[in-house]
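Q: Please take a close look at one part of the structure shown below. I should like that part set in the context of the whole chain.

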Amino acid sequence: MAKRSSLSIRIVEGKNLPAKDITGSSDPYCIVKVDNEPIIRTATVWKTLCPFWGEEYKVHLPPTFHSVAFYVMDEDALSRDDVIGKVCLTRDTLAAHPKGFSGWAHLTEVDPDEEVQGEIHLRLEVVPGTRACRLRCSVLEARDLAPKDRNGASDPFVRVRYNGRTQETSIVKKSCYPRWNETFEFELEEGAAEALCVEAWDWDLVSRNDFLGKVVVNVQRLWAAQREEGWFRLQPDQSKSRREEKPPGPLALYSAQKWRNSSVPTSNGSALGHLGSLQLEVRLRDETVLPSGCYQPLVQLLCREVKLGNQGPGQLISLIEETTSTECRQEVATTLLKLFLGQGLAKDFLDLLFQLELSHTCEANTLFRSNSLASKSMESFLKVAGMRYLHGVLGPIIDRVFEEKKYVELDPSKVEVKDVGCSGLHRPQTEAEVLEQSAQTLRAHLGALLSALSRSVRACPAVVRATFRQLFRRVRERFPSAQDENVPFIAVTSFLCLRFVSPAILAPKLFHLRERHADARTSRTLLLLAKAVQNVGNMDTPASRAKETWMEPLQPMVRQGVAQLKDFITKLVDIQEKDELDLQRALSLQAPPVKEGPLFIHRTKGKGPLTSSSFKKLHFSLTTEALSFAKTPSSKKSTLIKLANIRAAEKVEEKSFGSSHVMQAIYTDDSGRLQTAYLQCKCVNELNQWLSALRKVCINNTGLLGSYHPGIFRGDKWSCCHQRDKTDLGCNKTRSWVTLQEWNDPLDHDLEAQLIYRHLLGVEAALRKQQRAQRFEPNLPGAQGETPTAEHGPRGRPRANGPWGSPWGPTGRAVPGSRGPPGGPQVQPSWLAALGAEPHPGAADVRCPTGCAAPCQVLGDPRVLSLFCLTPSYWGAGPRSLLGWGSQGSGGSRVQG
């Protein structure tokens with residue numbers, strides 16, 4: 001089993017932020033830190049006190065993390081960025097909200113005494129003395145301390161206090177990974193209640209020392225244990241009286257939860273909220289992922305249903321759709337899609353959803369317009385399978401819009417001539433001229449987009465083309481009349497244009513087309529272009545023209561675009577099975593890169609210091625085989641590191657190169673010796689994206705390191721811990737499990753199966769309701785007052801005919817093919833058949849292979865039941881079956897996920 005944690009984060013917006021610039025405004029952005037490690041930076045929203053970001057992220061991290069903090073910063077071009085405030089959510093707080101935290105949180109001031117990080121290695125002993133026992137405290141080392149000095153490091157020392165006595169270690173200069181190996185002893189009085197306090201400080205020559213964190217040790221517990229050694233997490237200073245004035249917990253909410261905090265004072269005595277508020281959506285998910293074999297029965301059932309489609313007796317997919325709430329439909333759709341992508345059945349899964357959607361659609365104009373499971377699944381499918389294709393088609397047009405920064409407006413009520421400037425030396429433009437130039441600009445962009453789309457048929461992934469072919473065919477079969485000849489085209493464009501291309505035009509940063517949000521002028525241009533694309537996708541219907549009559553100047557181009565788009569779709573769906581396989585094979589041979597882009601490389605040679613000559617900009621490409629580089633994207637690539645040789649990918653501390661955006665790839669050369677390549681990125685997001693990509697593709701490598709040096713070996717020692725042995729074990733632990741989720745991530749079959757299983761557990765009550773909704777056939781023996789005979793089981797139910805004997809085991813549990821539990825409702829579990837409930841020999845009283853205390857109720861394949869029993873029993877809930885009526889007894893609460 002493996003425990004995995006993930007954080008789903010959506011940073012929505014801020015409001016009422018304080019002005020940090022002399023203009024009376026701010027340029028806010030957010031930094032997200034997990035245990036004080038920066039992992040996300042939002043875009044900067046310029047000149048506003050109420051910024052909107054709307055950015056979403058998903059972070060995979062170890063279950064041992066402690067907190068996630070959101071820092072709102074003000075960007076300054078000439079000086080260091082100002083800190084506006086922060087919101088900190090502890091792991092316990094997030095775990096207390098299974099559905100996630102969603103709401104507004106007040107920003108609080110950043111207190112230096114709370115900004116602590118890192119761990120300290122202590123050895124604590126109670127040793128006998130001449131007169132009394134003595135307390136011996138050995139301060140060995142520390143790691144990942146907060147850098148307090150401008151050079152990106154600290155000058156740490158440790159102060160040990162007990163029973164009125166204070167002792168200090170020596171000072172280690174310029175290190176966040178100091179080693180002391182110093183021991184202190186104190187007289188220990190039996191029964192003394194005072195705690196041992198170990199504090200880390202940063203020494204400063206001129207100003208006061210900076211607090212780095214502390215550890216408080218319970219001496220009474222130590223006395224009982226006699227000896228304790230390990231890494232202790234440094235804690236903030238909670239001894240100041242103002243800490244007691246804070247509201248309970250780290251949040252100050254006034255929307256999702258009403259906490260009594262409207263007038264709680266902060267450290268400077270003013271009311272809470274004077275720094276503004278931040279709207280967040282954060283959800284923590286902990287998953288216990290079992291070995292692959294445990295999920296095979298469930299996966300096989302799902303795959304069998306998809307393969308059979310509407311021809312099979314199963315209804316599991318439709319049941320999942322019916323029992324899935326609107327809030328979690330997108331998540332379930334994405335999980336199912338990734339599961340079937342891994343099985344090579346994504347096209348068949350979507351085809352089944354198309355048929356289900358068409359079966360209960362009467363009006364052609366409402367087809368795929370709702371947020372059904374089919375719509376959400378297709379939307380996720382295009383993002384997973386077609387994101388690279390989208391970048392190739394749309395990327396150049398978006399770049400051109402951003403670079404031109406032209407003023408574009410078609411609505412006469414919104415035209416502002418002053419924003420346009422002068423077209424000549426003396427005469428400003430008139431409103432008519434602005435509208436005409438705007439129409440010309442939009443026609444040019446729309447024409448370029450449609451031309452690029454028309455040329456991209458061969459570049460479209462084969463699985464996307466085949467899926468659109470199935471969609472086109474199913475819709476044409478459902479609406480065959482001549483008056484509905486455009487319906488198949490509109491069905492394709494409802495996904496391609498309305499749910500894929502248009503959203504990417506409106507928010508290019510969210511689709512990774514741009515690194516920053518658009519300014520107000522560019523946003524308006526993108527909005528108008530997206531409207532034009534939607535009109536083309538709607539096949540220029542009268543209803544779409546009537547909504548915004550001021551879009552009329554674009555109508556000639558829209559009508560031309562409709563013809564181009566129909567021709568493009570006709571060619572797109574014209575793909576045969578053989579062509580699909582050939583195209584898929586050709587695309588797979590190209591091995592698209594996992595990540596690529598320009599980076600600066602630093603390479604150390606010998607023992608000499610790093611100089612500017614070891615610094616060079618190159619274009620790097622990461623595939624599933626190697627990390628390669630070239631002078632330009634089109635140049636011949638040279639392999640830098642073979643993927644199988646990578647042992648770790650980690651960050652480098654800021655003081656090593658004067659930059660906080662440097663990473664290191666530690667690998668073995670041909671002789672088996674460890675080597676390091678240092679790569680510099682341009683921002684924290686790019687740094688974490690490259691680290692995530694490297695860690696994901698190397699996660700199964702053998703010989704991965706558990707520790708590393710965050711500094712560099714300069715001269716004759718490591719810059720981080722000052723050790724002189726170059727082969728010395730690392731002074732910090734690796735973070736190979738901290739990654740950002742991307743659309744092109746490798747598929748994790750076990751995790752997707754676990755997510756589906758957990759969802760089925762969550763909708764168990766709804767599935768039971770569907771089960772109870774169907775009744776027995778009226779002609780069953782005993783149903784019309786017949787007297788039970790030897791051929792009948794308890795309460796007149798028929799005994800099983802066949803080689804398996806009685807349907808009731810010695811414990812009274814139902815076996816496959818039986819109608820229900822003894823004395824239970826007369827219910828036909830037809831949906832159990834959808835889960836593959838079939839008779840199996842010798843299943844009268846089957847014990848679960850997991851070793852449950854009580855026999856499991858077998859309804860269907862015993863392998864399936866082992867899945868539905870194994871996980872809850874491991875979580876301490878006792879044996880339980882999702883597929884049956886549940887085992888008798890075995891109380892206890894179930895912990896899901």
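A: The model is predicted, so local features need a pLDDT of at least 70 and side-chain atom pairs count only at 80 or more, while totals for chains, interfaces and linings use all residues. Residues are numbered from 1 along each chain as its sequence is written, and side-chain values use heavy atoms, leaving out hydrogens and water.

The average pLDDT of the chain is 78, and 76% of the residues score at least 70; this value is the predictor's confidence in each residue, from 0 to 100. Two stretches call for caution. Residues 606-613 have a pLDDT below 50, and this stretch makes 8 contacts in the model beyond near neighbours in sequence. Residues 775-897 also have a pLDDT below 50, with 220 contacts in the model beyond near neighbours in sequence. Where pLDDT is low, the predicted coordinates should not be read in detail.

The chain has 897 residues, of which 52% count as buried, meaning under 20% relative accessible area, with exposed over 50% and partly exposed in between (1.4 Å probe, protein chains only). It contains 20 helices and 28 strands; these are DSSP runs (H or I, at least four residues; E, at least two), numbered from the N terminus.

Strand β13 belongs to an open sheet of 4 strands in the order β11-β10-β13-β14, with antiparallel pairing; two strands pair if DSSP finds at least two bridges between them. At the edges of this sheet lie β11 (165-168) and β14, each pairing on one side only. Direction ignored, neighbouring strands of the sheet are turned by 20° against each other on average.

On one side, β13 pairs in the antiparallel sense with strand β10 (residues 156-162) over 6 bridges. Within that pairing, Val198 of β13 is the bridge partner of Val160, and Cys197 of β13 stands opposite Arg161. The other partner is strand β14 (residues 210-217), joined to β13 in the antiparallel sense over 7 bridges. There, Gly213 of β14 stands opposite Ala200.

In a regular strand the side chains alternate between the two faces of the sheet. In β13, Leu196, Val198, Ala200 and Asp202 point one way, whereas Cys197, Glu199 and Trp201 point the other way. Both sets are buried.

Ala753, found in helix α17 (residues 749-762), counts as buried because its relative accessibility is 2%. Leaving aside residues up to four places away in sequence, Ala753 touches Tyr295, Leu298, Val299 and Leu339.

How values were computed
Contact = heavy atoms within 4.5 Å. Axes fitted to C-alpha atoms, helices over the stretch in contact; angles between N-to-C directions.
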